[in-house]
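Work through these exercises with the structure open beside you. Try each task before reading its solution.

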Amino acid sequence: MLGEFNKHKFAVLLKKAVGSPARGINEYGRQAGVSGSYISRFLYPLSSRPQEKWVKVPPGAEVIKKLAACAANGVTYYQLMIAAGHLPDDKTTPVEPTSEEWREVAADHIVKTDMLSGRAKKIED
């Protein structure tokens, strides 16, 4: 893992990804192909459950991909991966684009990074 599993941040993003209360965790899980009870365990940090009951290990990249595919409110795979600790949350770490989907994220990331360092870079095709 590149980063640290931020349980609270992941829970907030996951709750946002579920969307409206009418949709609910079970419907979101059904759409994503992930158990609703499994999803609800990651929401424990937003409840009154004691920390020792919180999930200690983040979901894997494949599960996060499923969750992101059905996410509401603009929650992205990238955001969930960072909160899960699978990607660094360090704004100075360059992101290599591996597909069209990541090319835009990487371009935005590199521009912001280079604005901080005062250098300009362009991603070549």
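This is a predicted model.

**Exercise 1. Classify the ring pair of Phe5 and Phe42.**

Solution. 
- Step 1: Take the distance. The ring centres of Phe5 and Phe42 are 6.4 Å apart. Rings pair if their centres lie within 6.5 Å.
- Step 2: Take the angle. The planes stand at 65°. Planes over 60 degrees apart count as edge-to-face.
- Step 3: Conclude. The Phe5 and Phe42 pair is therefore edge-to-face.
- Step 4: Place the residues. Phe5 lies in the segment before helix 1, and Phe42 lies in the loop between helix 3 (36-41) and helix 4 (61-69), so the pair ties together parts that are 37 residues apart in sequence.

**Exercise 2. Describe the pair of Tyr38 and Phe42, then decide whether each residue is buried, partly exposed or exposed.**

Solution. 
- Step 1: Tyr38 and Phe42 are 5.0 Å apart, centre to centre, with 80° between the planes. This aromatic pair is edge-to-face.
- Step 2: Recall the cut-offs. Buried means under 20% relative accessible area, and exposed means over 50%.
- Step 3: Tyr38 has a relative accessible area of 27%, so Tyr38 is partly exposed.
- Step 4: Phe42 has a relative accessible area of 5%, so Phe42 is buried.
- Step 5: Widen the view. The structure holds four aromatic pairs. Phe5, Phe10, Tyr38 and Phe42 form one aromatic cluster.

**Exercise 3. How are helix 1 and helix 5 oriented to each other?**

Solution. 
- Step 1: Find the helices. Helix 1 spans residues 7-18, and helix 5 spans residues 77-84.
- Step 2: Their axes come within 8 Å and cross at roughly 155°.
- Step 3: Angles over 145 degrees count as roughly antiparallel. Helix 1 and helix 5 are therefore roughly antiparallel to each other.
- Step 4: List the contact. Helix 1 brings Lys9, Phe10, Leu13 and Leu14, while helix 5 brings Gln79, Leu80, Ile82, Ala83 and Ala84.
- Step 5: Sort by class. This contact of helix 1 with helix 5 has seven nonpolar, one polar and one charged residues.
- Step 6: Helix 1 passes helix 5 in a left-handed crossing.

Technical notes: Residues are numbered from 1 along each chain as its sequence is written. This is a predicted model: local features need pLDDT of at least 70, side-chain atom pairs count only at pLDDT 80 or more; totals for chains, interfaces and linings use all residues. Side-chain values use heavy atoms; hydrogens and water are left out. Axes are lines fitted to C-alpha atoms, for helices over the stretch in contact, and angles run from 0 to 180 degrees between N-to-C directions. Helices (H or I, at least four residues) and strands (E, at least two) are DSSP runs, numbered from the N terminus. Angles under 35 degrees count as roughly parallel, over 145 as roughly antiparallel, 65 to 115 as roughly perpendicular and the rest as oblique. A crossing is left-handed if the near helix is turned anticlockwise from the far one by less than a right angle, and right-handed if clockwise. Contact means heavy atoms within 4.5 Å. Ala, Val, Leu, Ile, Met, Phe, Trp, Tyr, Cys and Pro count as nonpolar, Asp, Glu, Lys and Arg as charged, and the others, Gly among them, as polar. Rings of Phe, Tyr and Trp (its six-membered ring) pair if their centres lie within 6.5 Å; planes under 30 degrees apart count as stacked, over 60 as edge-to-face and the rest as tilted. Buried means under 20% relative accessible area, exposed over 50%, partly exposed in between (1.4 Å probe, protein chains only).
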